[in-house]
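Here's a quick briefing to read alongside the model. Have the sequence and the 3D view open as you go.

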Amino acid sequence: MTEDIRGEENRVVQECIQRLKEGQLAPWKVEDDLKSTYGMEIPENFRIATICRQLFIQAITGEHFHYIGIPEKPYKERYHCVKDDLILELDIRDENHTCNLCASRLKPLKQYAPLVANYVGGQEDYFSYAGQVVVKGDVQKTFTNLLVYGTGLGPIGVTRGCFLINKLGGANVRVEDSARAVRCLGFVFSTEESRQKAQAVIEAFLPEATDKMQDKMLEFGGRISSVDFDHAETQRGFILYVDFVAEFKHFRGHGDISSAVGFIKQEVEEKLLSQGVRYELSVIAQGHDGDLKPSHRNKRGRKALAQLRIPVADFEGFLKVDPEKFLSFVEVDDLGSQRLGCPFYSGMGGEILPAIYKATKVNPRSPLVSCFQNIYAEKDKGDVIFRVELPNIEVGVVSSREGLMSPIGREAMRVMGIHTAKEFAASVAAQVLAGEFNLALEISREKLYN
Ligand SMILES: [Zn+2]
């Protein structure tokens with residue numbers, strides 16, 4: 001990449017990197033600065049700005065961009081569909097210049113813009129830089145954030161939020177050491193008596209069953225941490241749910257607990273029959289637990305918290321926000337979510353979390369459960385405490401039988417500074433805290449959407 005820039009161009013790039021390092025130049029303003037300060041032409045400034053940000057990130061992390069490459073022309077162009085009177089924006093590499101809606105020929109407008117805010121590379125997915133965040137507590141590290149966010153201003157919001165968090169001393173995180181994966185057995189009995197007898201038989205078998213299941217989960221180090229019984233009754237009979245919960249440190253473990261429960265199901269059935277307990281039905285009850293459930297009783301994943309303590313003086317000082325207004329906004333927003341019947345508040349996290357999963361390409365690819373979030377803001381000894389809680393972060397960071405990770409995803413994690421599932425969860429929590437904090441400040445100032 002550096003061989004593409006020479007002489008005068010190289011001097012400009014080096015100067016920009018230096019100003020980015022010193023905080024004299026905001027990363028999302030590089031394109032404009034290259035034009036206004038150095039007289040660089042549009043759209044060439046978009047390519048040089050991307051190079052500046054990549055080299056800057058390499059300099060501060062010591063990691064190299066190899067798979068997250070920069071296309072020769074990293075920008076988009078606006079086109080007009082005369083028939084629909086519609087503006088379309090296309091990646092300059094897209095040579096299909098017909099309208100999605102009516103298939104008519106588009107008219108180029110020769111108006112160019114960067115692919116996404118804070119673009120740092122990527123051919124199919126557009127990676128954005130979203131600042132660095134200092135994390136303390138259960139994980140102590142500075143993470144360098146890369147997001148695949150889409151076209152919105154999200155990466156800029158996260159960058160600004162991180163800047164404020166760092167200025168306030170960093171995000172305090174608490175992250176569980178391991179995560180849970182769950183699978184459930186479901187039985188139907190014709191009498192309450194046979195259900196009770198069955199539960200007793202299964203409970204007596206559990207020590208042996210646990211050992212056998214853990215043998216099945218050896219590769220990923222899965223440990224059975226609890227087996228929970230649940231009862232329900234219908235016209236069909238007396239239902240018994242047996243919920244197996246396993247803990248994994250570095251892996252997601254979903255496939256492992258599934259096959260371990262599938263294996264033990266047969267042995268449980270044999271035990272029941274040999275002791276004269278008849279069941280009407282024996283199945284994997286994946287509706288009860290195990291699959292994606294937006295429920296506060298969901299046992300999947302690990303809990304991660306990120307918290308910020310803000311002295312009231314800082315609120316009135318450099319944050320320029322009335323803390324009471326801030327607290328009231330968070331309450332209005334949180335309550336609004338509850339009024340819709342949401343078991344969780346998903347706020348900005350609903351966008352930031354998928355952006356991190358898309359950048360790192362870790363398992364799970366569809367982080368639905370992981371996107372649940374709660375926000376808290378309260379007064380404590382004259383300070384304001386702002387906290388986000390992610391109850392169910394799920395992640396497998398090791399490229400293995402459990403989930404192949406592309407070289408791009410692995411490179412993204414190296415650049416970000418993530419080497420374990422716990423670090424992944426800490427980094428995610430801090431970035432969500434940053435995005436939410438910046439957004440709550442902007443809204444409290446009544447600046448957003450104005
Ligand atoms: Zn059209």
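This is a predicted model: local features need pLDDT of at least 70, side-chain atom pairs count only at pLDDT 80 or more; totals for chains, interfaces and linings use all residues.

Residues are numbered from 1 along each chain as its sequence is written. Helices (H or I, at least four residues) and strands (E, at least two) are DSSP runs, numbered from the N terminus.

- There's another cis bond from Asn 363 to Pro 364, with omega near 10 degrees.
- Pro 364 sits in the loop between α9 (349–360) and β13 (374–380).
- As background, most peptide bonds are trans, and most residues other than glycine have a negative phi.

**Positive phi: two cases**

- Lys 361 has phi near 55 degrees, a positive value in a residue other than glycine, and its place is in the loop between α9 and β13.
- Is Lys 361 buried or exposed? Lys 361 is buried, with 21 other C-beta atoms within 10 Å; the cut-offs are 20 or more such atoms within 10 Å for buried, 12 or fewer for exposed, and partly exposed in between, with C-beta atoms placed from the backbone.
- Asp 85 also shows a positive phi, near 45 degrees, and isn't a glycine either.
- Asp 85 lies in the loop between β1 (75–81) and β2 (86–91), and counts as exposed because it has 7 C-beta neighbours inside 10 Å.

**The three-stranded sheet**

- The strand order is β2-β1-β3 in an open sheet, with antiparallel pairing; two strands pair if DSSP finds at least two bridges between them.
- β2 and β3 (107–114) are at the edges with a single partner strand each, so one side of each has no neighbour in the sheet.
- From one strand to the next, the twist averages 30 degrees.
- β1 and β2 run antiparallel and pair over six bridges.
- Arg 78 stands opposite Glu 89 in β2.

**Helix α4 against helix α11**

- Helix α4 (residues 154–167) packs on helix α11 (residues 421–444) at about 95 degrees, with axes 7 Å apart. Axes here are lines fitted to C-alpha atoms, for helices over the stretch in contact, and angles run from 0 to 180 degrees between N-to-C directions.
- α4 and α11 are therefore roughly perpendicular to each other (65 to 115 degrees; under 35 is roughly parallel, over 145 roughly antiparallel, and the rest oblique).
- On the α4 side the contact includes Gly 154, Gly 157, Val 158 and Arg 160, and on the α11 side Gln 431, Leu 433, Ala 434 and Phe 437 are among the residues involved. A contact needs C-beta atoms, placed from the backbone, within 7 Å.
- By class, the contact has eight nonpolar, six polar and one charged residues; Ala, Val, Leu, Ile, Met, Phe, Trp, Tyr, Cys and Pro count as nonpolar, Asp, Glu, Lys and Arg as charged, and the others, Gly among them, as polar.

**Overall build**

- The secondary structure comes to 11 helices and 14 strands.
- The domains are domain 1 (1–62), domain 2 (75–114), domain 3 (171–177 + 301–444) and domain 4 (180–284), with bounds from an automatic or database domain assignment.
- The centres of domain 1 and domain 4, taken over C-alpha atoms, are 58 Å apart.
- The C-alpha trace spans about 85 × 55 × 45 Å along its principal axes.
- Of the 450 residues, 45% are buried.

Conventions
Two residues are in contact if their C-beta atoms, placed from the backbone, lie within 7 Å.
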